[in-house]
Amino acid sequence: MSELVVTGLRASVNGKEILRGVDLRVASGEVHAVMGPNGSGKSTLSHVIAGRPGYDVTGGTVYLDGADLLAMPAWERARAGLFLALQYPIEVPGVTLVDALGEAFRASGRNPADVPALLATEAREVGLDESFLSRPLNVDLSGGERKRNEVLQLGVLRPSIAVLDEIDSGLDIDALRAVARRVAELARGSGIGVLAITHYYRLLSELPVDQVHVLSAGRVVATGGPELALELEESGYVAYGDEEAGDGHDGGRAPSSPRVI
Ligand code: ADP
Ligand code: MG
């Protein structure tokens with residue numbers, strides 16, 4: 001049983017305060033969504049939890065099973081059981097998935113010789129062709145393939161807690177279903193705690209969640225069950241203090257879905 005506990009987290013970039021006191025708790029096997037308009041601090045939250053350089057943490061704590069993540073460099077946080085899927089996965093020329101995950105296995109005392117077979121299994125699970133496994137990481141992959149690739153890595157690494165930043169962006173409906181189904185299986189079946197960041201309801205129509213948190217201007221301003229996501233789908237973020245109302249760079253709000261989760 002693992003638990004990620006974020007308390008009163010505050011962080012700035014270049015002197016501008018982005019996170020203004022975030023409280024969250026995610027336990028093994030739970031799926032939490034963080035929703036919020038563009039610029040509300042969702043990616044910043046994921047980066048600060050994972051230890052990406054460039055942020056000044058000005059207050060609060062982040063603990064994973066009692067370990068003080070804020071005191072560790074990013075690689076140690078990963079070894080402690082944290083996984084981050086980036087909103088914009090980066091290209092790493094010259095490094096294949098087998099190389100990268102083999103190093104991760106070695107660093108955590110697992111046998112890197114197990115990686116190729118696990119990768120082949122996970123590639124099938126998310127519908128990625130096995131030819132991707134020997135290509136340089138994310139190089140020349142489409143947006144959707146990169147997202148499947150992130151979930152494939154999640155399935156191989158099996159962290160205790162996974163932060164997935166906009167894992168749904170750029171996916172067509174079939175890819176969205178494949179990704180959401182695999183994330184749900186990994187949470188419910190393998191006990192991974194998931195913090196799924198998104199600003200669209202459509203992910204949650206495919207991925208059942210336990211709780212929804214609304215982030216606005218760097219604060220969690222509402223927490224509720226899945227019905228909160230549906231409410232946001234209908235009314236936008238205006239009620240939560242956002243004047244842009246989700247009218248963001250990736251095309252505005254998702255089409256409404258008839259499914260109630
Ligand atoms: P979201 O993921 O919710 O769309 P972000 O966390 O990416 O929001 O960004 C929150 C705010 O922080 C935005 O106003 C953004 O411009 C600002 N910001 C993020 N990173 C930087 C940076 N490196 N330098 C300056 N401002 C930044
Ligand atoms: Mg973002």
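Me: Which residues coordinate the magnesium ion (ligand 2)?
Reply: This is a predicted model, and water is not among the atoms, so the site may look incomplete. The coordinating atoms are an OG and an OE1, at 2.1 to 2.2 Å. They belong to Ser-43 and Gln-87.

Me: How many residues apart are Ser-43 and Gln-87?
Reply: Ser-43 belongs to helix 1 (residues 42-50). Gln-87 sits in the loop between strand 6 (82-85) and strand 7 (92-96). The pair therefore links distant parts of the chain, and the separation is 44 residues.

Me: Is Gln-87 buried or exposed?
Reply: A residue is buried under 20% relative accessible area. Gln-87 has a relative accessibility of 11%, so it counts as buried.

Me: What distance separates the end C-alpha atoms of helix 4?
Reply: Helix 4 (residues 115-126) has twelve residues. At 1.5 Å a residue it should span 16 Å. The end C-alpha atoms agree with that, being apart by 16 Å.

Me: Which helices do the buried residues of helix 4 pack against?
Reply: The buried residues are Val-115, Leu-119, Ala-120, Glu-122, Ala-123 and Val-126. In an α-helix, residues three or four places apart point the same way, because there are 3.6 residues a turn. The packing partners of the buried residues in helix 4 are helix 3 (97-107), helix 5 (143-157) and helix 6 (173-190).

Me: What is the relative accessible area of Leu-4?
Reply: Leu-4 is placed in strand 1 (residues 3-13). It touches residues beyond four places away in sequence, among them Leu-24, Ile-49, Leu-64 and Ile-161. Leu-4 is buried, and its relative accessible area is 1%.

Technical notes: Residues are numbered from 1 along each chain as its sequence is written. Chains are lettered from A and ligands numbered from 1 in the order in which they are written. This is a predicted model: local features need pLDDT of at least 70, side-chain atom pairs count only at pLDDT 80 or more; totals for chains, interfaces and linings use all residues. Side-chain values use heavy atoms; hydrogens and water are left out. Helices (H or I, at least four residues) and strands (E, at least two) are DSSP runs, numbered from the N terminus. The expected span of a helix is 1.5 Å times one less than its number of residues. Buried means under 20% relative accessible area, exposed over 50%, partly exposed in between (1.4 Å probe, protein chains only). Contact means heavy atoms within 4.5 Å. Donors are N, O and S atoms within 2.8 Å of the metal (3.2 Å for Na, K and Ca); water is not among the atoms, so sites may look incomplete.
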